[in-house]
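Dear colleague,

Please find below the structure that I am handing over to you. A summary of the findings follows it.

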Amino acid sequence: MERYQPRTTVNRRTLLRAGGAGALAFGALASLAGCGIPPAGRPEAALGASEDRSAHEQTLAFSSWTEYIDTGADGTSRPTLDDFRRSTGIAVTYTEDINDNVEFFGKAGKQLAAGQDIGRDLICVTDWMAGRMIRLGWARRLDAAHMPNAYANLAPGFRAPDWDPGRVHSYPWTGIPAVIAYNRKATGGRKVDSVSQLLDDPRLKGRVGLLSEMRDTVGLTLLDMGRRPEEVTAEEYDAAVARLRRARDRGQIRRFTGNDYTGDLNKGDIAACIAWAGDLVQLQADNSDIQYAIPDTGYMLSSDNLLVPRTARHQRNAERLIDYYYQPKVAARLAAAINYVSPVAGLRDELAKIDKKLAENSLIIPSEAMLAKAHAFRSLTAAEEKAFEAAFSELTGA
């Protein structure tokens with residue numbers, strides 16, 4: 001039986017995930033458009049869809065983020081992928097070469113736009129980028145008949161994203177809650193459970209961290225203001241950014257960060273912050289002073305998603321891998337390794353066989369009450385994305 005390696009706090013939630021790089025993201029999009037990106041809705045055949053070679057080539061190229069899969073005792077093997085190969089005969093080349101959504105878009109976009117093979121059959125990107133690629137016609141439609149486990153076991157909360165209705169082109173790899181975290185020692189034992197405390201409590205001045213991910217930081221602020229990120233208007237967005245700017249100008253906010261907030265939170269240099277749940281599971285295991293709270297107003301839930309690029313050569317093999325990870329036993333092994341929310345229903349008993357504490361952790365398997373408080377930032381048009389990210393970049397100084 002393989003040993004599940006503890007996940008480090010330096011993981012796939014990178015500094016440039018979206019927030020400060022948002023303007024770059026739109027700039028890359030505009031640049032690619034000038035190079036001939038096909039418009040949304042262009043017939044699939046015109047986008048260079050490749051012939052599926054899965055019937056006679058038992059291979060699959062899968063690109064993902066660092067620290068985002070189970071690792072064996074040797075520190076290099078991938079036990080679930082090894083088991084997949086043994087059961088199917090399909091050899092997976094797994095590459096941790098997606099360091100940032102924007103960077104990946106810049107590398108692969110021109111090739112996908114031209115219908116050229118990018119050497120990948122399966123990729124893992126964050127929901128807003130997945131939505132963009134689907135709109136551009138760069139993701140293949142998946143065949144549900146090839147994925148009975150995925151179709152049956154996809155958790156209800158992940159079934160209907162507005163950027164891919166019905167999950168026609170994508171399946172989630174993980175869910176990523178953005179919640180409030182605090183160092184109990186640094187707060188003098190006080191609980192921090194609202195954005196209002198983060199932005200307005202003078203006792204936290206200069207010791208507050210906010211995320212450089214626009215949708216999480218602004219989304220939680222909108223919720224604190226009684227607004228729904230699923231329906232946000234430009235006026236509501238501007239009001240939330242203005243509120244954040246006032247807190248910044250008063251010196252309330254120490255800095256906007258990617259996942260590098262973890263070290264400062266652990267030491268107490270940041271007393272309280274907006275945090276990604278996957279980081280907190282490991283932080284709490286190492287430091288009992290690290291606590292988290294779900295605001296009464298709700299929290300943000302995004303996802304990283306599996307897509308088959310338009311030019312993939314092994315779609316059927318990719319669908320078999322997606323379906324494999326939607327078996328509760330396999331999903332439990334993945335959840336135990338990476339500590340993010342699993343999108344697979346029915347894995348609690350399997351996860352308990354690995355680690356009973358993880359099986360009861362609502363940051364990995366949310367309770368119904370927690371799920372009821374989850375919110376998602378709505379999809380943005382290209383014009384909205386440009387305007388929203390420009391305002392957020394000015395706020396963060398990116």
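Which residues does Arg 243 touch, not counting residues up to four places away in sequence? They are Ser 196, Leu 199, Asp 200, Thr 221, Asp 224 and Met 225. Please bear in mind that this is a predicted model. Arg 243 itself belongs to helix α8, which covers residues 234–249. Its relative accessibility is 13%, and Arg 243 therefore counts as buried, since the cut-off for that class is under 20%.

Arg 78 is found in the loop between β1 (59–63) and α2 (79–88). With a relative accessible area of 18%, Arg 78 is buried. Two polar contacts of its side chain may be noted: one with the side chain of Thr 71, at 3.2 Å, and one with the side chain of Glu 96, at 3.0 Å. Leaving aside residues up to four places away in sequence, Arg 78 touches Ile 69, Asp 70, Thr 71, Tyr 94 and Glu 96.

The largest pocket holds about 640 Å³ of space. Its lining consists of 32 residues, and Asp 127, Pro 161, Trp 163, Leu 301 and Ala 376 are the closest to its centre. At least two lining residues come from each of α4 (127–135), α7 (214–224), β9 (299–307), α15 (368–371) and β10 (374–375). Sorted by class, the lining of this pocket comprises 13 nonpolar, six polar and 13 charged residues.

The volume of the largest cavity is about 90 Å³. The elements β4 (170–183) and α12 (328–338) are those that give two or more residues to its lining. The largest share, four residues, is supplied by α12. In total, 15 residues line the largest cavity, and those nearest its centre are Trp 173, Leu 334, Ser 342, Pro 343 and Val 344. By class, this lining contains 13 nonpolar and two polar residues, with no charged residues.

Finally, a word on cysteines. The structure contains zero disulfides. Cys 124 has a relative accessibility of 0% and therefore counts as buried. Cys 273 is likewise buried, at 0% relative accessibility.

With kind regards

Key. Residues numbered from 1 in each chain as written. Predicted model: local features only at pLDDT ≥ 70, side-chain atom pairs only at ≥ 80, totals over all residues. Heavy atoms only, no water. Buried < 20%, exposed > 50% of the residue type's maximum accessible area, 1.4 Å probe, protein only. Polar contact = N/O pair within 3.5 Å; in protein donor to acceptor, adjacent residues only side chain to side chain. Contact = heavy atoms within 4.5 Å. 1 Å grid on protein atoms, 1.4 Å probe; cavity = no way out; pocket = protein on both sides within 12 Å on 5 of 7 lines; lining within 4 Å. Points joined across faces, edges and corners; volume = space filled by probe spheres on them. Nonpolar A, V, L, I, M, F, W, Y, C, P; charged D, E, K, R; others polar. Disulfide = S-S within 2.5 Å.
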